[in-house]
Amino acid sequence: MPHILFKGQCDFENIKNNFMKCTKMADDSWIVKYNTIYLAADGKQALIETASIRSGFIQTYYVMIEQKQEKVTIRVCPLTNVEKTFGVKRSIVYVANYVFEQCPDLVFDKSNLEKEILPEYKRDGNDR
């Protein structure tokens with residue numbers, strides 16, 4: 001499943017408190033909608049209710065943000081079954097961008113997404 005990993009600690013309360021329902025227009029005619037955010041009781045995981053839409057094709061799923069030790073993973077929740085479309089991949093990038101804005105001390109670790117859709121994240125403490 002597509003994912004992006006960061007090194008560091010994530011402030012989930014900050015992510016939840018600054019979340020706003022929004023719609024983004026992705027490349028290639030994809031529309032990505034973010035509706036609601038849910039924060040786990042332990043404060044180490046969040047789910048964002050997401051929809052990717054193109055030409056009448058709609059997928060709804062959750063993008064998961066998860067803290068495990070010193071790593072933050074952003075991916076589609078494994079309990080949801082979605083096609084790995086460009087819209088789904090773009091939705092993960094948009095969430096990663098939001099997380100990175102809210103937690104600027106994070107450092108990019110790795111991703112299995114195409115380099116063409118990944119922004120220039122901070123790597124190993126230095127800008128790339």
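Is Phe-108 buried or exposed? At 6% relative accessibility, Phe-108 counts as buried, because the cut-off for buried is under 20%. The structure is a predicted model, and every value here is computed from that model.

**Aromatic pairs**

The count of aromatic pairs comes to 4. One of them joins Phe-6 and Phe-108. Their ring centres are 6.4 Å apart and their planes stand at 85°, so this pair is edge-to-face. Phe-6 belongs to strand 1, residues 3-7. Phe-108 belongs to strand 7, residues 107-111. The pair therefore ties together parts that are 102 residues apart in sequence. Phe-6 is buried too, with a relative accessible area of 0%. Phe-6 and Phe-108 also share one aromatic cluster with Phe-100.

Trp-30 and Phe-57 form another edge-to-face pair. The distance is 6.4 Å centre to centre, with 80° between the planes. Trp-30 lies in the loop between strand 2 (22-25) and strand 3 (31-39). Phe-57 lies in strand 5. This pair thus ties together parts that are 27 residues apart in sequence.

A pair of aromatic rings is described by the distance of the centres and the angle of the planes. The table sets out both values for these two pairs.

| Pair | Centre to centre | Angle between planes |
|---|---|---|
| Phe-6 and Phe-108 | 6.4 Å | 85° |
| Trp-30 and Phe-57 | 6.4 Å | 80° |

**A charge over a ring**

Which ring lies under the charged end of Lys-24? That ring belongs to Tyr-94. The charged end of Lys-24 sits 5.6 Å from the ring centre.

**Positive phi in two loops**

Most residues other than glycine have a negative phi. Ser-55 is not a glycine, yet its phi is positive, at about 50°. Ser-55 sits in the loop between strand 4 (45-54) and strand 5 (57-68). Ser-55 is exposed, at 76% relative accessibility, because exposed means over 50%.

Gln-69 also has a positive phi of about 50° without being a glycine. Its place is the loop between strand 5 and strand 6 (71-76). How is Gln-69 placed, buried or exposed? Gln-69 is exposed, with a relative accessible area of 71%.

Definitions and conventions:
Residues numbered from 1 in each chain as written. Predicted model: local features only at pLDDT ≥ 70, side-chain atom pairs only at ≥ 80, totals over all residues. Heavy atoms only, no water. Helix = DSSP H or I, 4+ residues; strand = E, 2+ residues; numbered from the N terminus. Buried < 20%, exposed > 50% of the residue type's maximum accessible area, 1.4 Å probe, protein only. Phe/Tyr/Trp six-rings, centres within 6.5 Å; stacked < 30°, edge-to-face > 60°. Lys NZ or Arg CZ within 6 Å of the ring centre and 35° of its normal.
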